[in-house]
Amino acid sequence: MFAGRILIAGVVAVLALVGAGGLTVGAENGVQFMDPLTKEPLEIELPRDASEEVETFFQTGENPFHGDRQAIADGQQLYNRWCASCHMRDGSGRMGPSLIDDTWKYERAATPVGQFEVIYAGATGAMQPFKDRLSLEEILKVIAYTDHLREQHQTQ
Ligand code: HEC
């Protein structure tokens with residue numbers, strides 16, 4: 001009887017371990033990116049030398065650079081160079097839509113993953129893909145900066 005209990009406990013423990021393992025594998029697969037225009041799955045390979053932040057983003061969809069002062073400063077330089085001509089320095093938009101209000105043309109762009117998809121893969125017309133011009137990490141820093149602009153704008 002006692003031995004039986006131990007056996008059952010053992011089986012439960014093994015099942016729990018398998019369960020946890022399954023979850024970890026799921027987390028490694030992480031975010032499924034989607035092409036903003038075709039809505040097809042967008043396969044973005046995680047580079048072997050990806051930083052911890054990029055890896056976390058791929059797993060969780062959260063931007064680890066959010067609120068990070070240094071990343072925001074780096075993102076500002078990148079934004080002013082690559083994005084401000086259409087979205088304006090303050091993000092209020094001109095040729096490209098505002099990035100600091102709460103309305104998004106692409107529904108998914110309300111999240112860091114959706115913004116990442118538009119920046120990486122492009123959208124229509126003037127919104128060209130940046131995948132060959134910005135690294136994955138740089139895109140995350142730009143998003144940290146536009147988040148910062150939006151937060152500043154909304155607390156004004
Ligand atoms: C040459 C002009 C141009 C440049 C440069 C540009 N964009 Fe855009 N962007 C646009 C246009 C136009 C759209 C709207 C595209 C559409 O409607 O399909 C857009 C859309 C977006 C969206 C989606 C907004 C929404 O409401 O869903 C995001 C996010 C975005 N751009 C971020 C950026 C970032 C970040 C950069 C710099 C890395 C950048 N863009 C550079 C013109 C530009």
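Q: In this predicted model, where do the axes of helix H5 and helix H6 come within 10 Å, and what makes the pair oblique?
A: The axes of H5 (residues 112-121) and H6 (residues 136-155) come within 10 Å and cross at roughly 120°. The crossing of H5 and H6 is right-handed.

Q: Which residues of H5 meet which residues of H6?
A: On the H5 side they are Pro-112, Gln-115, Phe-116, Ile-119 and Tyr-120, and on the H6 side Ile-139, Val-142 and Ile-143. By class, this contact has seven nonpolar residues, one polar and no charged.

Q: Why is Ser-135 called partly exposed?
A: Ser-135 has 15 C-beta neighbours inside 10 Å. A buried residue needs 20 or more and an exposed one has 12 or fewer, so a count of 15 places Ser-135 in between, as partly exposed. Ser-135 belongs to the loop between H5 and H6. Its C-alpha atom is separated by 9.9 Å from that of Ala-50, although the two residues are 85 apart along the chain.

Q: Why is H3 described as roughly perpendicular to H6?
A: The axes of H3 (residues 69-82) and H6 come within 7 Å and cross at roughly 95°. Because this angle lies in the range from 65 to 115 degrees, H3 is roughly perpendicular to H6. The contact of H3 with H6 comprises seven nonpolar, four polar and three charged residues. Among those in H3 are Ala-71, Asp-74 and Tyr-79, while those in H6 include Glu-138, Lys-141 and His-148.

Q: What surrounds the ligand, and which residues are the closest?
A: The ligand is surrounded by 23 residues, of which Cys-83, Cys-86, Gly-96, Ala-123 and Met-127 are the closest. Helix H4 (84-87) and H5 are the elements that give two or more residues to this shell. The shell divides into 16 nonpolar residues, six polar and one charged.

Q: How many helices and strands does the chain have, and in what order do the elements run?
A: There are six helices and two strands, and from the N terminus on they run α-β-β-α-α-α-α-α.

Q: What share of the chain is buried, and what share of the contacts join residues at least 24 apart?
A: Buried residues account for 23% of the 156 residues. Of the contacts between residues at least 6 apart in sequence, 61% join residues at least 24 apart.

Methods
Residues numbered from 1 in each chain as written. Predicted model: local features only at pLDDT ≥ 70, side-chain atom pairs only at ≥ 80, totals over all residues. Axes fitted to C-alpha atoms, helices over the stretch in contact; angles between N-to-C directions. Helix = DSSP H or I, 4+ residues; strand = E, 2+ residues; numbered from the N terminus. Left-handed = near helix turned anticlockwise from the far one by under 90°. Contact = placed C-beta atoms within 7 Å. Nonpolar A, V, L, I, M, F, W, Y, C, P; charged D, E, K, R; others polar. Near = placed C-beta within 6 Å. Parallel < 35°, antiparallel > 145°, perpendicular 65-115°, else oblique.
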